[in-house]
Amino acid sequence: MRLIIDGIEFGYSSTPVLKDITLDANGPQLLSIIGPNGVGKSTLIHCINRILSPNKGTVLIDGDKVNDISLKDLAKKVGYVPYSANDTFPLSVVDTVLMGRHPHATYKSLDKDLDIVYDTLRLLDIEDLAMRNFDELSAGQHQKVMLARGLVQEPEILLLDEPTSNLDIKHQMEVTRILRDLSLEKGILVIMISHDLNIASKYSDTMMMLFGGSIFAIGTPSEVITKENIKAVYDVESDVIDVHGRPHLIMLDEEFDSTNKPLSPDTYAVKEKR
Amino acid sequence: MADVEIRMGKEEYKSTLSRKITFLLICLGVLIVTTLISCSVGTGYEFTKTAQVIWDHLTGVTYPIRSPDWWADYYIFNNVMPGVIMALIAGAGLALAGTVMQSMMENPLADAYTTGISSGACLGAVVAIIMGFSYSTVISGAGIVINAFIGSMIPAIIVILMVRYVGNSPSTIILIGTALTFFFNSMVTLVMITASAESLQDAYIWQVGSVTNASWSDMPLMLVMTLASAVLVQLSAAKLNIMSLGEKSAKSLGLDVVQFRMLCIILTSVLIASIISFTGIIGFIGLVAPHMTRYLVGGDNKFVIPGSIIMGSTVLVVADLISRSLMSFGNIPLGVVMSFIGAPVFLYLIVRRKSQKDVF
Amino acid sequence: MAGKEDYYRAVRKKWLFVLLCAVMIAVALILALSIGMYEIGFADCYRILIEHITGNITDPYADDIVINTRLPIALFAIIVGAVLALGGAVMQTMLRNPLADPYTMGVSSGALLGASIAIVLSSTLPLFNEQWVRIVMAFGFSLIPAMVILLFSFKRRVTSTKIILIGIAMMYIFSAIVQLIMITASEETLAEIYSWRVGTLALTTWETIPIPLAISIVCGAVLMFHYRRINVMMAGTKSAHSMGVDPERTILVEITIVSLMTAAVVCFTGTIGFVGLVGPHIARLFVGSDTKHLLPAAAVFGGLFLLLANCLARVSGEYGLPVGVISAIIGCPLFIFILIRMRRKSAWR
């Protein structure tokens with residue numbers, strides 16, 4: 001399962017967003033895309049699954065140009081988990097996830113589709129929500145359902161736009177771990193946009209740092225998450241320590257760190273009621 | 001270094017502010033001039049003469065009875081001006097109501113008739129007309145107005161009561177309002193079907209919206225309602241801004257969303273009722289004026305509110321002007337002209353708008 | 001597997017609703033046949049039907065009334081109700097807007113315009129007095145908005161939002177023109193246009209049924225076949241795209257089919273409102289939003305509803321009240337009542 005991005009450029013009429021992005025990746029692999037807000041991470045992902053068409057350059061999946069594949073065939077190979085959930089009409093969780101089977105489903109495949117859906121729900125530990133209405137769930141549960149919908153597409157490439165931003169730390173780790181495990185198990189190329197650098201660096205095989213519309217750095221987490229890169233791209237001072245071979249980023253605010261301590265309880269008087 | 005930047009930022013903000021205010025004042029000027037022009041159209045008097053007459057009247061000059069000047073004064077003040085001024089006030093009020101509804105419903109396509117008020121008013125008026133009221137006498141003319149007003153309040157009250165039981169979200173309000181609109185429209189249909197062709201025509205003409213039967217005695221109520229509402233709404237401009245952020249954000253900023261929404265519904269209902277009872281159902285103004293204004297002065301309700309009011313008045317005065325210029329071709333009421341202006345403008349607005357997300 | 005059973009159980013309940021409505025349609029059909037100025041009992045109608053089918057007619061007078069006058073009207077009520085509600089369900093799902101109905105794309109305003117022009121011309125050109133001319137005009141004009149949208153989409157890539165808004169704008173423009181016509185018309189013309197607009201089933205005969213029936217069946221079948229791609233549209237354009245459904249193409253195709261189907265009935269009946277908007281909502285309250293079940297449920301509910309409204313309309317006299325009026329009068333409080341009762345399980349936030 002090989003994804004080749006060859007020199008794509010994308011911009012709206014006046015503003016260029018992506019300049020000459022080139023990438024050659026294949027599964028199994030968990031690839032994180034990081035970078036400041038607005039740098040074009042979502043745009044890049046949308047160019048991969050043809051939601052947007054690049055002004056220049058091509059995207060090739062297993063040697064086939066993405067533009068030449070029919071939309072349905074593309075959907076069989078590339079799954080997408082969006083950032084925000086839709087909520088217009090109430091659907092049960094099962095029905096929502098079932099939509100993801102569309103590229104593979106036939107009029108007779110309901111039983112098999114349901115098996116896949118329920119397996120995926122169990123994997124993400126939300127099986128008990130199956131018959132609940134989607135719009136009654138919490139934001140974190142929404143995200144898991146969206147993830148399930150992408151997973152049941154049985155894709156070879158899975159694109160995720162900030163899949164863990166609304167989850168608590170336990171679930172952030174759990175979901176990212178599942179993504180990595182699935183990647184190994186099924187050979188999926190998982191491409192994940194993330195704002196949480198530490199979670200990304202803990203589980204990713206490769207990281208890609210975007211800046212100024214191009215790839216600023218790409219490589220293993222240790223190669224990408226360095227003091228210098230963080231300073232150059234985010235303009236943040238930091239310290240990077242090694243935890244079991246993975247870089248862990250500690251953010252520094254030098255002026256604040258050395259002089260400020262939390263307020264003493266006497267000043268703000270939050271006292272326990274006795 | 002940072003101080004200079006902050007100061008420059010403030011300067012920029014202030015100059016944008018003064019730019020916006022200047023713009024609004026220019027619009028106001030345009031409105032006044034347009035009104036004067038409108039007064040002179042179709043009367044056979046040229047512009048300067050009309051302006052002269054109006055000025056004299058306002059400054060208390062009287063003419064010898066039945067002199068040419070006296071006739072001019074009489075004609076302009078009794079036949080022409082009521083219609084123009086009514087168009088002005090109606091435009092202001094409808095645009096105001098539309099602005100409020102759009103912010104409150106978080107839906108750019110909502111207008112003040114969404115809650116079914118217009119259908120209720122129609123029913124009231126149509127019943128009155130079919131029962132034999134007409135504009136021929138002052139009393140029965142007033143009867144139509146009163147009936148229309150009562151009629152418009154019925155759906156408003158139903159919506160307000162329903163909202164307590166069923167839920168406060170905009171979607172619920174819109175659904176209930178739509179169902180009520182259907183209901184009252186079909187009642188109107190029922191009444192009109194059983195009417196004679198003559199009454200049917202009268203009823204239809206009323207519905208379409210016109211100012212041809214305006215008189216000075218109609219003004220006070222409309223004017224008072226519109227002014228009072230304008231003041232109240234302008235004072236709540238900040239709250240309206242917050243409302244359009246969405247319910248959750250608004251609540252977290254300290255706004256009692258439920259109560260505010262209720263107040264908005266009540267206010268717009270009464271405001272609209274007091275206008276359409278006199279004019280009939282004039283459409284598009286409530287929808288289009290706020291959009292046009294936002295296009296020109298941005299989304300801050302502090303400016304959009306006065307802007308819409310002025311814009312709405314101007315558009316309706318112009319529509320009235322057109323309507324009276326076409327008098328020679330037949331009686332084409334204000335409401336019809338407004339539809340012809342409104343539909344293409346609406347089309348233009350939406351096709352040009354860069355839709356960021358699905359409007360639906 | 002434990003989970004699947006819950007799902008299948010829920011699905012069975014949905015089909016139960018559909019079945020229930022279908023059964024009630026059959027019953028209501030016989031009921032409809034028995035209502036009218038000439039009293040014919042419920043059981044008698046059933047007997048007359050059987051006799052007619054077996055060719056063993058005992059009472060030709062009653063047979064004529066039931067079979068030739070009342071039956072076509074009742075059948076057409078079912079067809080129209082089903083068409084409108086089905087179209088409404090498709091529009092609401094695809095456009096993700098609870099206020100959409102089959103008329104949203106301007107079909108009704110177009111039809112009204114066509115009919116109005118025909119009516120106005122009929123005073124000067126006798127050709128336009130013919131019923132069928134009026135029908136053809138209404139049909140032709142009602143498809144103009146759909147054609148405009150299709151033309152637009154050939155030239156350049158039109159987003160789904162723009163498609164919808166163009167349809168709405170055309171609706172407004174046509175309404176404005178009709179308004180102008182109605183205002184400048186004579187009293188009689190105005191009255192005639194108005195009664196066309198109000199809509200009626202009373203003019204249905206066996207001759208007028210075949211064409212709309214054929215079009216409805218074909219279009220309806222296609223729509224139901226397409227349930228999967230329509231369903232996916234609920235996820236929004238980006239997500240639908242990523243699941244293999246081309247949002248623009250889907251909207252274009254389905255809107256055209258809905259417009260065609262709606263135009264085919266509207267040009268005969270005039271614009272009967274309410275069923276297309278609220279019918280799907282009521283169906284959704286019982287069956288949920290999953291398109292696979294919503295479409296058939298909306299269709300049978302719509303058919304049942306309009307049939308019952310027709311019964312009620314005919315109770316009130318030979319020509320009775322217009323069926324659209326009745327459906328709004330009973331439907332609106334019904335809808336609000338259901339909304340209140342199902343507040344917790346409501347179809348709405």
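Biologist: How many residues does each side give to the contact between chain A and chain C?

Modeller: Keep in mind that this is a predicted model. To read a contact, look at each side in turn. Chain A brings 29 residues and chain C brings 26 residues.

Biologist: Which helices of chain A each supply at least two residues of the side that touches chain C?

Modeller: Those are α2 (71–77), α3 (93–99) and α4 (110–123) of chain A. The most comes from α2(A), with 4 residues. By type, the residues on that side of chain A are 17 nonpolar, 7 polar and 5 charged.

Biologist: How many residues of chain C are in contact with chain B?

Modeller: There, 47 residues of chain C meet 42 residues of chain B. On the side of chain C that touches chain B, α7 (160–184), α8 (187–198), α13 (275–287) and α15 (323–341) of chain C each supply at least two residues. The largest share, 14 residues, belongs to α7(C). This side of chain C has 30 nonpolar, 11 polar and 6 charged residues.

Biologist: Which chains have the most contacts between them?

Modeller: Of the 2 pairs of chains that touch, chains B and C have the most contacts. Chain A and chain B are joined by no contact, and their closest C-alpha atoms are 9 Å apart.

Biologist: Let us turn to whole chains. How many helices and strands are there in chain C?

Modeller: Chain C has 15 helices and 0 strands. Its radius of gyration is 21 Å, close to the 20 Å that the globule rule gives for 349 residues, so chain C is as compact as a globular protein of that length. Along the principal axes, the C-alpha atoms of chain C fill a box of roughly 60 × 60 × 40 Å.

Biologist: What percentage of the residues in chain C is buried?

Modeller: Of the 349 residues in chain C, 56% are buried. Sequence separation is another thing to look at. In chain C, among contacts between residues at least 6 apart in sequence, 76% join residues at least 24 apart.

Biologist: And how many helices and strands are there in chain A?

Modeller: Chain A has 11 helices and 12 strands. Its radius of gyration is 21 Å, which agrees with the value near 19 Å that a compact globule of 274 residues would have. The C-alpha trace of chain A spans about 70 × 55 × 40 Å along its principal axes. Buried residues are 43% of the 274 residues in chain A.

Biologist: How do I read a sheet? What is the order of the strands in the open sheet of 4 strands in chain A?

Modeller: The order here is β2-β1-β4-β5 in chain A, with antiparallel pairing. At the edges stand β2 (16–26) and β5 (64–65) of chain A, each with a single partner strand, so one side of each is left without a neighbour in the sheet. Within this sheet, β1 (residues 2–11) of chain A runs antiparallel to β2(A), and 7 bridges join them. A:Ile8 is found opposite A:Ile21 in β2(A).

Biologist: What about a hairpin? How many residues lie between the strands β9(A) and β10(A)?

Modeller: There are 2 residues between those strands, and in this hairpin A:Gly212 has a positive phi near 60 degrees. Strands β9 (residues 206–211) and β10 (residues 214–219) of chain A pair in the antiparallel sense over 5 bridges. A:Met207 sits opposite A:Gly219 in β10(A).

Biologist: Now helices. How far apart are the end C-alpha atoms of helix α12 of chain C?

Modeller: The idea is to compare the span with the number of residues. For α12 (residues 247–269) of chain C, 23 residues at 1.5 Å a residue should span 33 Å, and the end C-alpha atoms are 32 Å apart, which agrees. At C:Ala263, α12(C) bends by about 25 degrees. After α12(C) comes C:Gly270, with a positive phi near 80 degrees.

Biologist: Is helix α12 of chain B mostly covered or mostly uncovered?

Modeller: Mostly covered: 10 of the 13 residues of α12(B) are buried. Among them are B:Ile285, B:Leu287 and B:Val297. Just after α12(B), B:Gly298 has a positive phi of about 90 degrees.

How values were computed
Residues numbered from 1 in each chain as written. Chains lettered and ligands numbered in written order. Predicted model: local features only at pLDDT ≥ 70, side-chain atom pairs only at ≥ 80, totals over all residues. Contact = placed C-beta atoms within 7 Å. Nonpolar A, V, L, I, M, F, W, Y, C, P; charged D, E, K, R; others polar. Pairing = 2+ DSSP bridges. Expected span 1.5 Å × (residues − 1). Bend = angle between axes of the 7 residues up to and from the residue. Buried ≥ 20, exposed ≤ 12 C-beta atoms within 10 Å, placed from the backbone. Rg over C-alpha atoms; globule rule 2.2 N^0.38 Å.
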